[in-house]
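User: Hi! Could you walk me through this one with me?
Analyst: Happy to, let's have a look together.

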Amino acid sequence: MMVDEHILDEIDYPEDLRKLPEEKLPAVCAELRQYIIDVLSENPGHLGASLGTVELTVALHYVFNTPFDRIVWDVGHQAYGHKILTGRRKVFHTLRKLHGISGFPNPAESEYDAFIAGHASNSISAAMGMSVASALKEENRHVIAVIGDGAMTGGLAFEGLNNASANPNNLLIILNDNNMAIDHSVGGLSQYLVDITTSQAYNKMRYDVYRGLRKMKLMDDSRRENILRFNNSLKALLTQQHNLFEGFSIRYFGPVDGHDVGYLVKLLNDIKDMQGPKLLHIKTKKGKGFKPAEESATEWHAPGRFNKETGERILVHRIDEPQLYQDVFGHTLVELAEKDKRIVGITPAMPTGCSMTYLMKAFPERAFDVGIAEGHAVTFSAGLAKEGMIPFCNIYSSFMQRAYDMVIHDVALQKLHVVMCLDRAGLVGEDGATHHGVFDLAYLRPIPNLIISSPLDEWDLRNLMYTGYAAQEGPFVIRYPRGKGEKVDWRNEMRALPIGKGRKLREGTDIAVLSLGPIGNEAMKAIDMVEKEGISVAHYDMIFLKPLDEELLHEVGKGFRRIITIENGVIKGGLGSAVLEFMADNGYTPKVKRIGVPDRFIEHGSVPELYQLCGMDAESIADAIRHFV
């Protein structure tokens with residue numbers, strides 16, 4: 001892509017963009033797209049989604065008076081171009097780095113970021129709240145929700161749509177459809193229909209017909225939704241089209257070419273002041289402008305470093321390195337499925353990220369991607385379990401928060417045999433606060449009937465998956481982190497572990513360290529450091545948070561005056577809290593120091609940097625042991 005005008009260098013904020021003549025906007029789009037490619041080739045991030053929204057981003061900031069007018073981004077990794085145009089171009093190279101700018105919209109970072117967007121499906125509800133507030137305060141503020149196509153599968157999006165016409169608001173919803181069969185493809189007829197329904201002549205005719213019917217007392221305008229339904233009925237009569245959104249009494253326009261910046265500017269100007277909720281459906285191509293990303297959207301969603309000239313991805317994994325935990329999960333699930341036809345896999349739009357793709361390839365009829373719908377994924381799994389199947393439901397830890405009620409009401413209450421595998425548990429790195437899976441231990445521990453476990457390494461992950469499969473009844477939770485494990489040779493012969501039993505990894509006399517999950521490997525390194533200094537440390541790997549190994553805890557309570565607990569999760573409510581409760585309930589009075597994620601939201605950065613920030617790296621743990629002893 002050749003870009004040589006350097007217009008982008010003169011755009012620090014949207015007000016600079018709005019000073020340009022409209023004919024310059026395609027050049028701005030070309031430069032913006034190239035700048036995203038240039039930076040992300042060296043500093044990894046979410047490439048494909050933001051390349052697909054370049055023209056939309058430019059058109060929105062050109063037409064609307066941001067930040068007074070609000071743009072609420074859904075699936076926040078669409079918003080890199082937005083960040084560049086809103087005062088962050090010169091620091092864009094710090095994206096997702098420690099103390100740099102976030103990979104997602106964040107109001108704490110910029111007044112142009114109207115609402116936080118780390119996951120999906122919340123834009124319509126949030127933007128509707130803003131639009132209603134604007135109406136109540138008589139501010140005449142435009143509010144736009146930009147929802148990615150995948151996010152439309154989320155239940156919250158439909159709750160927002162259902163309520164959008166119930167209260168006075170002028171919300172504009174933009175559906176960025178980059179490969180979703182919602183309506184007819186973009187074409188000459190579709191554009192012609194949009195031209196008609198956004199034109200002044202059509203809207204004058206629509207109003208004249210409505211006024212005539214009202215005079216004849218054939219139109220009851222005491223209820224606002226009657227007017228909206230009339231508008232949509234007239235449009236359906238003229239265009240021979242009807243769709244889901246108009247069923248929600250939302251005026252619908254589209255689909256249109258989302259890469260024609262000039263036409264988008266025209267449309268947005270035509271519809272922005274129309275009264276009532278409305279939806280503009282645009283068709284875009286994920287990875288637009290970078291051929292490798294256009295041809296393989298999944299692979300180039302977050303590709304890591306790459307050669308921007310050749311399109312070659314720069315992969316750093318070597319054959320002699322440990323496997324990713326997600327891949328150990330994926331291969332192990334296939335092994336289990338080969339043994340038992342009752343085993344099925346469920347994931348809400350994360351088959352590649354959690355490696356459910358292996359099961360999809362081996363047993364496509366027994367693997368289900370339900371879209372961005374975590375609550376549905378859990379209840380769907382419950383239904384499968386009720387009829388005798390053994391579902392492995394894989395959801396990222398931070399996203400399982402969205403399905404909390406379903407875990408309680410639909411799974412735990414009925415004691416159904418669902419194996420819930422929480423990938424990305426603990427601090428996940430550069431995606432930051434919206435994605436850190438640090439709350440699951442605390443929010444799941446109070447729920448009756450749950451078994452909660454975490455493996456020390458890949459062998460234990462395989463053993464726990466087998467244990468969860470072999471459990472006679474009841475829900476079984478396995479949580480494991482993002483990234484690589486510890487063992488190169490990870491294919492052990494699977495065996496069932498005794499539920500609720502931990503193990504002593506090392507004998508010691510001065511202090512007891514109790515860890516849960518792979519963070520125990522940092523504890524091992526720390527113990528090696530301090531034992532060279534003459535400190536004797538006993539190390540226990542708990543394996544299960546629930547049920548706790550009470551025999552082990554009695555041994556610790558009787559034998560040690562100082563205990564350190566270590567967990568890759570919030571220290572309020574997790575392992576440390578459980579150990580303190582046990583000691584208090586049983587009359588033990590040791591000094592207990594808890595190491596884990598402190599009571600604040602943790603920013604983005606590499607996992608080693610964040611471990612150090614939270615005092616969870618080996619050196620920090622070693623210091624804690626020294627000071628505590």
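**Around Asp541**

Analyst: Let's start with Asp541, which sits in strand 14 (residues 537-541). Helices (H or I, at least four residues) and strands (E, at least two) are DSSP runs, numbered from the N terminus. This is a predicted model, where local features need pLDDT of at least 70 and side-chain atom pairs count only at pLDDT 80 or more, while totals for chains, interfaces and linings use all residues. Residues are numbered from 1 along each chain as its sequence is written, and side-chain values use heavy atoms, leaving out hydrogens and water.

User: Is Asp541 buried or exposed?
Analyst: Asp541 is buried, with a relative accessible area of 0%. Buried means under 20% relative accessible area, exposed over 50%, and partly exposed in between (1.4 Å probe, protein chains only).

User: And what does the side chain of Asp541 reach?
Analyst: The backbone nitrogen of Ile543, at 3.5 Å. A polar contact is a pair of N or O atoms within 3.5 Å; within protein, one must be able to donate a hydrogen and the other to accept it, and residues adjacent in sequence count only if both atoms are side-chain atoms.

User: Which residues does Asp541 touch?
Analyst: Leaving aside residues up to four places away in sequence, Asp541 touches Leu456, Asp460, Gly502, Arg503, Leu505, Ser515 and Gly517. Contact here means heavy atoms within 4.5 Å.

User: Where does Ile543 lie?
Analyst: In the loop between strand 14 and strand 15. Ile543 has a positive phi of about 65° although it is not a glycine, and it is buried at 4% relative accessible area.

User: Which other non-glycine has a positive phi?
Analyst: Ala349 has one of about 70°. Ala349 lies in the loop between strand 6 (343-347) and helix 15 (357-362), and is partly exposed at 38% relative accessible area. Most residues other than glycine have a negative phi, and most peptide bonds are trans.

User: Speaking of peptide bonds, which are cis?
Analyst: The bond from Gly254 to Pro255 is cis, with omega near 0°, and Pro255 is in strand 4 (residues 251-257). The bond from Lys546 to Pro547 is also cis, with omega near -5°; Pro547 is in the loop between strand 15 and helix 22.

User: Switching topic: how many residues has the largest nonpolar core?
Analyst: That core has 53 residues, and those with the most contacts inside it are Leu47, Leu60 and Leu280. Helix 2 (residues 25-42) gives the most to this core, with nine residues. A nonpolar core is a set of buried Ala, Val, Leu, Ile, Met, Phe, Trp, Tyr and Cys residues joined through side-chain atoms within 4.5 Å.

User: Last one: which residues of helix 23 are buried?
Analyst: In helix 23 (residues 575-585) they are Leu575, Gly576, Ser577, Ala578, Val579, Phe582 and Met583. Their cover includes strand 13 (511-516) and helix 22 (550-559). Just after helix 23, Gly587 takes a positive phi of about 80°.
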